[in-house]
Amino acid sequence: MSAQKKKAFQIEAFKHRVVVDPKYAEKTWKILEHAIHEIYNHNASGLSFEELYRNAYNMVLHKFGEKLYSGLVTTMTSHLKAISSSIEAAQGGLFLDELNRKWAEHNKAMQMIRDILMYMDRTFIPNTHKTPVHELGLNLWRDVVIHSSAVQTRLQAILLENVRRERSGEVIDRGLMRSISKMLMDLGPSVYQDDFEKHFLEVSADFYRLESQDFIESCDCGEYLKKAERRLNEEIERVSHYLDAKSEVKITNVVEKEMIENHMHRLVQMENSGLVNMIVDEKYEDLGRMYCLFRRVPNGLVLVRDVMTSYIRDTGKQLVTDPERLKDPVDFVQHLLDLKDKYDKIITSAFSNDKTFQNALNSSFEYFMNLNSRSPEFISLFVDDKLRKGLRGVTEEDVELVLDKVMMLFRYLQEKDVFEKYYKQHLAKRLLSGKTVSEDAERSLIVKLKTECGYQFTSKLEGMFTDMKTSQDTMQGFSARHGADIADGPMLSVQVLTTGSWPTQPITTCNLPAEIRGMCEKFRNYYLGTHTGRRLSWQTNMGTADLKATFGKGQKHELNVSTYQMCVLMLFNNADRLSYKEIEQPTEIPASDLKRCLQSLACVKGKNVLRKEPMSKDIADTDTFLFNDKFTSKFFKVKIGTVAAQRESEPENQETRQRVEEDRKPQIEAAIVRIMKARRVLDHNNIVAEVTKQLQSRFLPNPVVIKKRIESLIEREFLERDKGDRKLYRYLA
Amino acid sequence: MKKEDTVKLISSEGMEFVIDKEAAMVSQTIRNMLTSPGGFAEAEHGVVTFPEINAVILEKICQYFYWSLQYSRGKETDDSLSFVIRGFSFVAESTPDWCSCLRGSVYVVLHCMVAYLQISCVIVLT
């Protein structure tokens with residue numbers, strides 16, 4: 001054995017003894033032809049595989065492969081022609097059944113034939129590049145049976161008819177459909193597509209076009225969408241049961257186009273049931289369905305988003321320009337928050353938190369909130385209300401929730417510097433009157449503002465808190481030092497405010513009563529003793545006082561009043577009746593403030609510790625005031641102060657506006673200088689753009705104002721105009 | 001060995017070899033004979049007759065079947081010609097003087113195994 005192994009490797013064919021017979025090929029072929037007949041006639045049992053295999057093997061080996069192959073083709077073709085006729089003969093419903101049965105039989109026959117002709121399949125066929133047996137079987141079936149004109153048209157018609165019947169609710173034989181469908185696929189993707197799928201899609205498009213037309217006339221939006229969804233799901237299910245998976249996306253495209261895309265606008269705008277109605281009535285399910293369906297078609301969501309956006313903008317605009325609503329700022333802001341909550345809920349539960357919708361909502365809010373120039377003031381008033389009383393007894397988490405929501409609205413403001421101004425004013429009042437519900441909540445909000453706008457925004461606010469704390473320490477030191485002397489005088493509590501941090505107040509005149517004056521001097525001396533180089537001035541328009549008063553029948557009450565009111569009331573210690581002038585002179589309080597203060601003392605029911613003659617609502621120079629002996633109140637402590645923050649009157653509003661405008665000028669100039677220093681040379685439009693970009697986190701600068709500032713800077717020789725181009729500016733170092 | 005698990009191979013002289021079906025189906029041809037649908041005689045009766053293969057050769061082929069099964073159990077075999085040759089050599093050497101009993105060259109036998117019985121994936125063409 002080993003010796004033979006070393007020989008050069010050659011293999012001789014295992015050929016069988018073959019009688020040299022000229023008719024050899026013909027005889028052998030006949031045996032095989034007969035076998036093929038028997039196989040097709042279901043008579044194959046009893047045939048010897050080995051014999052047939054051997055004969056085919058020998059034919060190929062002895063170079064008769066061509067004869068074998070062409071014989072095979074001829075034989076199969078004639079059998080298939082007979083099969084085709086028998087299928088054509090089948091009546092009505094039995095056609096599909098017959099086709100399916102014959103197909104199964106053909107596949108079985110193919111397998112048997114291929115097995116016995118395997119040697120040819122593996123040697124002769126690859127060599128001559130002929131179609132392998134299995135594929136040959138498929139091709140012949142396709143050409144002779146499926147594409148015979150009678151079978152082809154009938155097959156297509158029956159398949160489509162079945163689909164139509166199923167769509168109208170009838171039950172069909174899905175198993176049979178699946179087998180036929182699979183057969184078409186086995187014959188080749190182009191067969192499935194050309195013989196079935198193409199027509200299926202066309203017919204379906206027609207079907208859905210008609211059906212959608214019918215539905216849209218008879219259903220409201222919600223119902224229509226339900227039907228569309230149902231049809232879509234049906235088609236998907238149909239494909240999964242008896243069509244090729246690749247058909248799914250094609251048929252769903254058809255349904256989407258016919259049922260949704262073609263009627264998009266009509267659905268969204270449908271009166272009484274369209275998108276806007278769904279939003280108003282909070283129909284989350286319907287909205288969710290609309291979102292899912294419209295998402296499937298090009299520009300579907302764009303349409304929904306646009307309609308929603310214009311609705312929000314319109315209703316928002318109405319809200320901010322409605323004079324009724326604007327009467328109560330706190331209610332107004334609450335309304336905005338409720339609105340935001342409503343839309344947030346819609347976007348989360350129905351629009352699957354789609355970012356583009358969130359963005360559209362944000363831009364809409366930004367748009368309409370800034371239509372009303374008093375939005376910043378109102379938001380500050382809302383916060384003021386909450387921090388004064390609204391958040392009393394609320395848990396820490398809920399406080400955070402409310403503040404976060406407020407921050408959300410704050411972000412929409414374009415004029416954040418206006419908000420800052422009001423917030424400072426309102427905070428000052430809260431701090432000085434000691435009327436804040438929770439210092440933690442105050443600080444928490446400051447932190448949020450700092451995170452949002454940076455350190456600059458909140459540094460002064462924080463300074464206010466610091467002043468309050470420092471004042472407490474100062475008072476402790478003062479009592480410790482002067483404890484004995486001041487024990488039997490009025491109790492003094494002083495807050496020392498650093499000028500830069502607190503809202504600027506005009507200096508007003510006010511003569512304090514003698515009892516107070518002495519105490520105040522003592523404090524002033526104490527303070528200046530420990531802090532040299534500082535100047536103190538009493539802010540009489542911001543103080544409060546608690547007075548113990550005894551009335552006619554001996555009722556004692558503690559009155560909480562403003563400093564001005566205290567000065568006025570103390571005068572009544574020495575007289576029961578005083579004219580307006582007699583009050584104005586000694587106190588020297590400015591007229592408008594005095595009138596307001598007298599009004600709250602004499603004209604408010606339940607708080608009228610003074611009586612006025614005549615009993616009119618307004619204060620006139622000629623009025624007389626009397627101590628109201630008959631004053632009664634349920635409470636021991638009566639609050640009469642006018643220190644709470646209120647919505648500004650028109651003239652006050654104008655004034656604040658002006659101050660804001662003044663403050664903006666230097667900010668704009670600083671921005672211009674910064675930019676020009678970096679860029680050296682820049683044209684007008686670009687400067688405006690850059691300045692806007694730099695300042696937009698605080699406010700939106702007016703291009704006209706920017707222009708004026710540039711001119712002012714040119715005058716002050718920070719910049720110069722280019723000699724050649726008037727639109728170009730240069731930085732002057 | 002149970003009857004259902006076995007198959008009878010009959011040589012040209014009529015000598016019968018009863019072997020496990022699993023072993024016999026190492027040959028793709030025999031596998032097809034036994035599993036092809038349609039009720040061929042071989043599958044019906046579990047008997048395959050080889051009028052062209054004599055007993056001496058058929059015996060070695062059967063031995064090869066078992067060698068192949070044993071060797072490939074749990075291992076990756078490459079089904080290549082060299083594997084067949086190795087197996088066949090092993091089997092042939094197990095009987096001293098086997099070659100002298102051979103009618104025709106060893107290589108013809110190999111061709112029979114490989115091409116006719118489809119024992120390996122590699123078909124050698126003539």
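The model is predicted, so local features need pLDDT of at least 70 and side-chain atom pairs count only at pLDDT 80 or more, whereas totals for chains, interfaces and linings use all residues. Residues are numbered from 1 along each chain as its sequence is written, chains are lettered from A and ligands numbered from 1 in the order in which they are written, and side-chain values use heavy atoms, with hydrogens and water left out.

**View 1. The open sheet β7-β9-β8 of chain A.** This sheet consists of three strands with antiparallel pairing. Strands (E, at least two residues) and helices (H or I, at least four) are DSSP runs numbered from the N terminus, and two strands pair if DSSP finds at least two bridges between them. From one strand to the next, the twist averages 30°. Angles run from 0 to 180 degrees between N-to-C directions, and axes are lines fitted to C-alpha atoms, for helices over the stretch in contact. Three bridges link β7(A) to strand β9 (residues 728-731) of chain A in the antiparallel sense. Helix α31 (residues 703-715) of chain A packs on the sheet and touches β8 and β9 of chain A, its direction making about 100° with that of β8(A). Contact means heavy atoms within 4.5 Å.

**View 2. The open sheet β3-β5-β4 of chain A.** Three strands pair in antiparallel fashion here. At the edges stand β3 (577-579) and β4 of chain A, each with a single partner strand, so one side of each is left without a neighbour in the sheet. Direction ignored, neighbouring strands are turned by 25° against each other on average. β3(A) and β5(A) run antiparallel and are joined by three bridges; L578(A) stands opposite F625(A) in β5(A). Helix α27 (residues 580-587) of chain A lies across β3 and β5 of chain A, at about 80° to β3(A).

View 3. Most residues other than glycine have a negative phi, and most peptide bonds are trans. E613(A) and P614(A) are joined by a cis peptide bond with omega of about -5°. P614(A) lies in the loop between β4 (610-613) and β5 (624-627) of chain A. E282(A), although not a glycine, has a positive phi of about 55°, and its place is the loop between α14 (275-280) and α15 (284-294) of chain A.

**View 4. Packing of helices α2 and α4 of chain A.** The axes of α2 (residues 24-40) and α4 (residues 65-89) of chain A are 10 Å apart, at an angle of about 30°. α2(A) and α4(A) are therefore roughly parallel, a term for angles under 35 degrees, with over 145 counted as roughly antiparallel, 65 to 115 as roughly perpendicular and the rest as oblique. The crossing of α2(A) past α4(A) is right-handed; a crossing is right-handed if the near helix is turned clockwise from the far one by less than a right angle, and left-handed if anticlockwise. Residues of α2(A) at the contact include W29(A), L32(A) and I36(A), and those of α4(A) include L68(A), L72(A) and M76(A).
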